[in-house]
Amino acid sequence: MQISQPYVPSGHLVRDPERSALFSRDAALAAQACRRKNRTLLFNRHITKGNSMNGQPAGRTPRFDPYAAVHKGLRALMADTLLALGRTDASDAAALQATTERLLEMLEFCRSHAHHENEFLHPAIEARSPGTSSATVIDHTLHEQAIEQLKKAARQLPESPAEQRAAALLELYRGVALFVAHNLEHLHHEETTHNATLWAYYTDAQIEALHDELVASIEPEQSIFIMRWMLPAMNPAERAHLMRKLRATAPPPVIDAVLQAVRGALDPQAWQALASSSAEPRRVAEFADAAG
């Protein structure tokens, strides 16, 4: 199965012609060329001119960003999973099985994450600015199709003939790389275009309440899973803020589960910073001693 197909650029009503006959191959290629041009423009604006791309008002208190934390974790998760795929020995059955299981976890989280955005954030955006989230909805639909395709390839890989596994693994790796590449652009679009709309029409308290409602809808096991990636990907101030909020809202067993999940992902300095800035540094330190 061919899995390393180019993904449709977000912001264009173009679907892969092999999945849909809505648009021609020429239209898809034209859209991809447009995205490449837009990427260059974004890079030049963001890097060479040093302009802020996050939409935050200059010189004023930063607005509440419902995407920042989870997207940091998602970027870390996708990058780490892609690296693991590239490093896996196709002749090692146990390693191959472990890596494909990691990939399936990542893909399932990506699917669930998009579902939660569709359910909670997009209705708020559309209520004030109809059409603003339409490109993202298309992206999510295409991502879900890609996720099912990649899941199928991942499940088949360990059972494939031994002499074909190296080639199949490389093909899967390239397909996941394209999926990650498109997602990175997609996350940027949400963090800029969607945030700008939310900030224009809602107060920080309203956005945070919406975010908290989304978080409360996530199953505990999945919450701990993304915390394992979010907390290490954050800077110390963000990490401390999240832990203080967690301590104010979550029961001790949940906090212990989060600490257990992130302990091995933080270096000693980062762990000490978390302990010293936490609302209960002694409890974090005690947990670290027990875990070590």
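Good morning, colleagues. The structure is a predicted model, in which local features need pLDDT of at least 70 and side-chain atom pairs count only at pLDDT 80 or more, whereas totals for chains, interfaces and linings use all residues. Residues are numbered from 1 along each chain as its sequence is written, and side-chain values use heavy atoms, with hydrogens and water left out.

I begin with the overall make-up. The protein has 11 helices and 0 strands; here helices (H or I, at least four residues) and strands (E, at least two) are DSSP runs, numbered from the N terminus. Of the 292 residues, 42% count as buried. Buried means under 20% relative accessible area, exposed means over 50%, and partly exposed lies in between, with a 1.4 Å probe and protein chains only. Contact means heavy atoms within 4.5 Å. Among contacts between residues at least 6 apart in sequence, 73% join residues at least 24 apart.

Let us turn to Tyr-67. This residue is placed in the loop between helix 1 (25–48) and helix 2 (68–87). Is Tyr-67 buried or exposed? Tyr-67 counts as buried, at 1% relative accessibility. Beyond its neighbours within four places in sequence, Tyr-67 is in contact with several residues, including Glu-117, Glu-190, His-194 and Asn-195. Along the chain, Tyr-67 and Asn-195 are 128 residues apart, yet 8.1 Å separates their C-alpha atoms. The side chains of Tyr-67 and His-194 are joined by a polar contact of 3.1 Å. A polar contact is a pair of N or O atoms within 3.5 Å; within protein, one must be able to donate a hydrogen and the other to accept it, and residues adjacent in sequence count only if both atoms are side-chain atoms.

Next come two histidines. His-140 is found in helix 4 (residues 134–156), and this residue is buried, with a relative accessible area of 5%. Not counting residues up to four places away in sequence, His-140 touches Ala-114, Glu-117, Asn-118, His-122, His-186 and Glu-190. Glu-117 and Glu-190 are also among the contacts of Tyr-67. His-211, in helix 6 (residues 204–216), is partly exposed, with a relative accessible area of 22%. Leaving aside neighbours within four places in sequence, His-211 is in contact with Phe-64 and Pro-66. His-211 and Phe-64 are 147 residues apart in sequence, and 9.7 Å apart in space from C-alpha to C-alpha. A polar contact of 3.4 Å also joins the side chains of His-211 and Asp-212.

Ser-112 lies in helix 3 and counts as buried at 6% relative accessibility. The side chains of Ser-112 and Gln-222 make a polar contact of 2.9 Å.

How many aromatic pairs are there? The count comes to 1 aromatic pair, where rings of Phe, Tyr and Trp (its six-membered ring) pair if their centres lie within 6.5 Å, planes under 30 degrees apart counting as stacked, over 60 as edge-to-face and the rest as tilted. Phe-109 and Phe-225 form this tilted pair, at 6.0 Å centre to centre with 50 degrees between the planes. The pair links distant parts of the chain, with Phe-109 in helix 3 (residues 93–128) and Phe-225 in helix 7 (residues 220–233), 116 residues apart. Phe-109 counts as buried, at 6% relative accessibility.

Helix 8 (residues 236–249) has 14 residues and reaches 20 Å from its first C-alpha to its last, close to the 20 Å expected at 1.5 Å a residue; the expected span is 1.5 Å times one less than the number of residues. Its buried residues are Arg-239, Ala-240, Leu-242, Met-243, Leu-246 and Arg-247. Seen down the axis, these fall within an arc of 165 degrees, so they line one face of helix 8. That arc is taken from the directions from the helix axis to the C-beta atoms. The face turned away from the buried side carries the exposed residues Ala-237, Ala-248 and Thr-249. At the N-terminal end, Asn-235 caps helix 8, with a side-chain oxygen 3.1 Å from the backbone nitrogen of Ala-237.

In helix 9, the buried residues include Ile-255, Val-258, Leu-259 and Val-262. They cover an arc of only 100 degrees around the axis, which puts them on the same side of helix 9. Pro-253 and Gln-260 are exposed on the other side.
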